[in-house]
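These are my notebook entries on one structure. I put a question to it, looked up the answer and wrote it down.

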Amino acid sequence: MGRYLLGRLGQAAIVVALVSFGIFMLIRSVPGGPELILFPEMSLEQARAARRGLGLEESPLVQYARWVGDILRGQLGTSYIYSMPVTELLKSRLGATLLLVGTSFIASVTLSLVLGVGAALRRGRLLDRAVNVVSSFGLAAPVFWLGMLFIIVFAVVLQWLPPGGLPSSASPVELVRHMLLPGLVLTLLSFAELVRYVRSAVIAQLEAAYVATANAKGLPPITVVSRHILRNALVPVVTVIGLQLRALVSGAAITETVFAWPGMGRLVFDAAFNRDYPVMMGATLVVSVVVVALNLIADLSYAYLDPRIRYA
Amino acid sequence: MSSFRGRGLGRLAMVLSVVVALTVVACAPAAPNASQATGQPKRGGTLNWPISGNPIVYPFTQTATVNSWPVMQTIYDVLVVVDPVSFEVKPSLATSWKVLEGGRVWEFELRQGVKWHDGQPFTADDVVFTLKATGNKDYAAFHQLYFADMEKAEAVDASHVRLTFTRPRGNLLPILAYQIFIAPNHIFKNLAPKDAATESVKHPIGTGPFKFSENVAGDHYTVVANDDYFAGRPYLDSVLFKVIPDTQAQIAQFQAGTIDWVQPTSDAFNALKGRAGIQTVQFTANLLVLVALNNALPLFSDARVRRALAMALDREGIVKSVLSGNGRAAVGPIIPVFKWAYPEDVKPLAYDPQAARRLLSEAGWSDSDNDGVLDKAGTPFRFTMVHWQSQYRGVLDVAQQQWKQVGVDAKIEILDSAAAIGKYRSRQYEAAMTWWTPPFDPDMANYFGTKGVNNVYNFTNPDDELLAKASAIVDLKERAALYKTFQQNMREAQPAVFLFYPDDLQAHWTRVHGLQPESGVVTITRGFNVVWKE
């Protein structure tokens, strides 16, 4: 296991390096540099001078090497748009995103497991149909539209919940109230797909011979499901859960914009539009490290779920 | 095993929810605490104001000005202010001024007893530093171009400043009123220009009616009342600028009552009109929407061709359909908001496709191969218009169709805003739909002058001398006569297709009093010291 882990960590470092290099080159090839956004009232000559001052006239490879050097010294640069250190900006936004995405992730996985298993065991009946309706709705509805619908219904008409942003006070109750609507959107986004995988995976296991044996032995249904079916069904589902996390992170950008939630998704969204290269690269680095780490955890969990899987 | 008939139920659910959504939007009630009461101003409370992005609160910023300036106007002061209705120039940090040598030298007497938020006294040194820095390329100030010809800025004594220019500057006062925020010399003199922005944004110090309190980047920016403000402590205790990037989200938050003011879209504005507790305001904005044409290209070098493109467009129809009637067809770059300079008797080019075809024919364009597209010496009349996904996106489709009817093939290229602006600003474009807001003065030399740094049209302007003369004159009537000639000439020359002047649409809850919406969405926050809430 130790060798496997070391190997995977090495692979993770290579993946992060490749991703950062690819994103670095890609964003510099997109037309429209930051100097034209930052200095709209300058002459072209002055804008070009500003571009030189930002170090953007050097070759992309030289710029990338300089950026890697800064990373190794623990510096992510200064945001062009915010005039703040990128590390400070990311720190200020990461918490909000982790809170929203993390809570939605836990909620969607829990609901998917409970309702997916329930739907599989009660195929064709009311629970199964209800899960399908909600799942279809979540898959079909655009994130932006869903967010606006929730704001209009719950914040404007019913006035049960605030329409967006962080609470002005430190009250946990207020924090939960402010998180409910964006959290609901993200949870639905993830649940819609995941519950179908859980349902299908459980149905596939229901037909297996070991389930018939377990039932024939007189085991209670709850034991058959929790101790036998679920562990086998979860192996493919864990892969999807890992993919869901990536989708949540990208879905969060739109949700954060609709609900004015000051998270990393929105930060990167704004940075991309304004060609704020230091922020784009800093956020890319953080997100790629997080996603690679979570995928590693997902891979390691296979060994726990299925004793037949062992890592050398 | 039952069949899986979920898809039908899923579709039904979707249809039902759309119906519900449309119904609730129509039935949205007024927010609580909407008040009709007027009377004596009340002290206290927080005004919740939306901005669409993070502000950079730095006096010389060029970046994100539409988000930054509304905040800066509460923290900083300017030397003079311009009344948004009468355009009369009024004192602010400067109490009086003298025009000498025909406008080449200006002397200002400064207000006594004004303090910076850190308690230091405001003096002539602050004004001298600010204007020198504004003209200094190292600070990359928004108005650097307007002070490039300033020869000298000197403190005559602690309360008098003298400015000397290389040429007469008749339009100096409106420029000074337009976001030339006076910066504290005692703070900035110790900072190198390249570090000034990064240090300043941490804790901005101004002389304005409100002081910096808190900046939660990306969420909100809070300012609190300045008890020592020279015009008296504001009625409000604080202003909370909420960062809400999406316009629809702003409208929803306004309806929910969590913000006090909004700039809605045309459709939302029409829906908000007449709602209890909401005051809507509509007037011609300080904005011009146009299709920029790259005059350096052979396609657009002939004024007859450019005029034909303008006459082939039903701009009144575009205003009615795309803007829901909230705007007016444009004549030229002098905008109606400059009432003293806008010549009402100079009308827009009429919508006349026949006349457009005649002009194009005179310019040598004909459909020699009967493919529906005009051509000349083997070159078809075909070009690409760039733009981004804005609220005026629909105008491009209409323009494309109407130009097709006169044999012009216009392709639409939608890019993200940075790429589109990049192409446009670097003159790497054929045509581009865009808009701009001039400062408080109709001086167009920087934008439409032949050597204007922002002449992205590559337009050779025969009125360069006229523009230089107009900007040197102090008397508004004399300037207005020259600008009338300029407007007429620009209407004929059409370096860009001047589309329309959209209306400024605003809505606020009637519990908020004292707002001056006519100031425009960027400058309205300047008057927050007299705003109060129920």
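**Entry 1: ground rules.** I am reading a predicted model, in which local features need pLDDT of at least 70, side-chain atom pairs count only at pLDDT 80 or more, and totals for chains, interfaces and linings use all residues. Residues are numbered from 1 along each chain as its sequence is written, chains are lettered from A and ligands numbered from 1 in the order in which they are written, and side-chain values use heavy atoms, with hydrogens and water left out.

**Entry 2: confidence.** I noted an ipTM of 0.80 and a pTM of 0.85 from the predictor for the complex. Chain B has an average pLDDT of 89, and 93% of its residues score at least 70. Residues 1–10 of chain B also stay under 50, and the model has 15 contacts beyond four places in sequence for them. Where pLDDT is low, the predicted coordinates should not be read in detail.

**Entry 3: chain A.** I counted 12 helices and 0 strands in chain A. Helices (H or I, at least four residues) and strands (E, at least two) are DSSP runs, numbered from the N terminus. The C-alpha trace of chain A spans about 80 × 60 × 35 Å along its principal axes. Of its 312 residues, 50% are buried; buried means under 20% relative accessible area, exposed over 50%, and partly exposed in between (1.4 Å probe, protein chains only).

**Entry 4: two positive phi angles.** I looked up R275(A), whose phi is near 55°, a positive value in a residue other than glycine. R275(A) sits in the loop between helix 11 (264–274) and helix 12 (277–305) of chain A. Is R275(A) buried or exposed? R275(A) is buried, at a relative accessible area of 4%. A377(B), also not glycine, has a positive phi near 50°. It lies in the loop between strand 15 (375–376) and strand 16 (379–380) of chain B. A377(B) is exposed, at 84%.

**Entry 5: helix 2 of chain B.** Helix 2 (residues 65–75) is largely enclosed by the rest of the structure, because 10 of its 11 residues are buried. Among them are W69(B), P70(B), V71(B) and M72(B). I traced the packing of the buried residues to strand 1 (46–51), strand 8 (210–216), strand 9 (220–225) and strand 10 (238–243) of chain B.

**Entry 6: the second largest pocket.** I found about 1,100 Å³ of space in this pocket. Its lining has 41 residues, and the closest to the centre are G53(A), L54(A), T78(A), S79(A) and Y80(A). Which helix gives the largest share of the lining? Helix 6 of chain B does, with 6 residues.

For the method, a 1 Å grid is laid over the protein atoms alone; a pocket is an open set of points with protein on both sides within 12 Å along at least five of seven lines, a cavity is a set where a 1.4 Å probe fits but cannot get out, and lining residues have an atom within 4 Å of a point.

**Entry 7: the largest cavity.** I read its volume as about 70 Å³. W69(B) of helix 2 is one of the residues that line the cavity, as are F60(B) and H143(B).

Key
Grid points are joined across faces, edges and corners, and a volume is the space filled by probe spheres set on the points. Contact means heavy atoms within 4.5 Å. pLDDT is the predictor's confidence in each residue, from 0 to 100.
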